[in-house]
Amino acid sequence: MLKKRLIACLIIKDNILVQSIGFNKYLPIGEPKYTIEFISRWDVDEIVLLDISARQENRIINLDVLRYVSKYCFVPLSVGGGISNINNVKSILSAGADKVVVNTSFIDNPKLITEMSDNFGSQCVVASIDCKKNRHGKLDVFSESGTYNTKKNPIEWAKNVQEYGAGEILLNSIDRDGKKNGYDTELISSVAKNVDIPVIALGGVGEFSHFASGIVDGKASAVAAANIFHFIEHSTIMAKANLLASGIDIRLDSEANYMGREFDEKGRLLTISSEKLKKSELLPSKKNIFR
């Protein structure tokens, strides 16, 4: 069985890294290159980089920025924003990306999924699906950064992108975005059970314990988040420690791994005495803490 993955999702708006809340409020963080270098060194399995201004400005992500950040990214890098044709994909892959993430253009032209898959392989094509409840309380697929209701059913659209040749699905809940109340596991599991390709859960993580729920309850192949990774130095390692504590098989590369430590119901690390730490030999050596 393939190991589960932890993915950091970084959102760029107007060339600045931001925190997204409900797809309509954005809090500035800073330069994306520094965050990418930091996160990729601290034991995350992949990074998704999304430029949400690109389509509105009729462009793709700044390739000079992508070339720069790819030099400091030591894990697979998926890139999205404004991609509408094969030439866009060639440019982004040539600039250092490993995969492309596409939302609106696939809805406008589903055959583009097949064209990309045939040219670059399905493993390179990630279909992004943003979902939100309509006024009747049912989930619809939205495009154009969550501003246009396509009236598509998430499960049926997920089946369609698989049939057209997508290799993965990035499934996001607009209602949960930035709310810190956990994944929409009902949505995730309903999609995951109806497709054979990996489903990446996104939207709503506010506690490290939410990651395990995305896999156990949501049946996701990978769990992604954005906001929780900002400002917390060991956030990716803490996330993996919680996943391991929940019995989930996930790759662990960092020496600072918190294995054997206990967490509260919110996934926060419980403190124990330094003497107990020494006896248990859980502390990594100083030379391994900062790589």
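Glu 168 is buried in the predicted model, with a relative accessible area of 6%, where buried denotes under 20% relative accessible area, exposed over 50% and partly exposed in between, computed with a 1.4 Å probe on protein chains only. This residue is found in strand β10; helices (H or I, at least four residues) and strands (E, at least two) are DSSP runs, numbered from the N terminus. Leaving aside neighbours within four places in sequence, Glu 168 is in contact with Arg 5, Lys 99, Val 125, Val 126, Ala 127, Ile 197, Pro 198 and Ile 200, contact meaning heavy atoms within 4.5 Å. Pro 198 lies 30 residues from Glu 168 along the chain, yet their C-alpha atoms are separated by 5.1 Å.

The structure is a predicted model, in which local features need pLDDT of at least 70 and side-chain atom pairs count only at pLDDT 80 or more, whereas totals for chains, interfaces and linings use all residues. Residues are numbered from 1 along each chain as its sequence is written, and side-chain values use heavy atoms, with hydrogens and water left out.

Strand β10 is mostly covered, six of its six residues being buried. Glu 168, Leu 170 and Asn 172 point one way from β10, while Ile 169, Leu 171 and Ser 173 point the other way. Strands β7 and β10 run parallel and are joined by six bridges; two strands are taken to pair if DSSP finds at least two bridges between them. Within this arrangement, Cys 131 stands opposite Ser 173 in β10. Strand β10 also pairs with β11 in the parallel sense, over four bridges, and Leu 171 stands opposite Ala 201 in β11.

Three bridges connect β1 with strand β2 (residues 16-21) in the antiparallel sense, and Ile 16 in β2 is the bridge partner of Lys 13. The hairpin of β1 and β2 has two residues between the strands, and Asp 14 takes a positive phi near 55°. Strand β3 (residues 25-30) runs antiparallel to β2, to which five bridges join it; Pro 28 in β3 is the bridge partner of Val 18. The hairpin formed by β2 and β3 has three residues between the strands, with Gly 22 in the turn having a positive phi of about 65°.

Most residues other than glycine have a negative phi. Asn 58 counts as exposed, at 74% relative accessibility. A positive phi near 55° is also given by Ser 145, found in the loop between β8 and β9 (148-152); at 27% relative accessibility, Ser 145 counts as partly exposed.

The secondary structure of the protein chain comprises 11 helices and 12 strands. Of its 291 residues, 53% are buried. Among contacts with a separation of 6 or more, 64% involve residues 24 or more positions apart. In helix α7 (residues 185-192), the buried residues are Leu 187, Ile 188, Ser 189, Val 191 and Ala 192. These pack against β7, β8 (139-143), α6 (154-164), β10, β11 (199-202) and α8 (209-216).

Nonpolar side chains tend to be buried together in soluble globular proteins. Here a nonpolar core is a set of buried Ala, Val, Leu, Ile, Met, Phe, Trp, Tyr and Cys residues joined through side-chain atoms within 4.5 Å. The largest such core has 64 residues, and Met 116 and Phe 211 have the most contacts inside it. Not counting residues up to four places away in sequence, Met 116 touches Ile 83, Asn 85, Ile 86, Val 89, Val 100, Val 102, Phe 106, Gly 121 and Val 125. Apart from this core lies another, of 15 residues, including Cys 9, Val 48, Leu 170 and Ala 222.

A search of the whole structure finds one cavity of 30 Å³ or more, a cavity being a set of points, on a 1 Å grid over the protein atoms alone, where a 1.4 Å probe fits but cannot get out, with lining residues having an atom within 4 Å of a point. The largest cavity holds about 600 Å³ of space, volume being the space filled by probe spheres set on the points, which are joined across faces, edges and corners. Its lining has 37 residues, and Ile 11, Phe 23, Leu 50, Ile 52 and Asp 130 are the closest to the centre. Elements that give two or more residues to this lining are β1 (5-13), β4 (46-51), β6 (99-102), α4 (104-108), β7 (125-133) and β10 (168-173).

Key
On a 1 Å grid over the protein atoms alone, a cavity is a set of points where a 1.4 Å probe fits but cannot get out, and a pocket is an open set with protein on both sides within 12 Å along at least five of seven lines; lining residues have an atom within 4 Å of a point.
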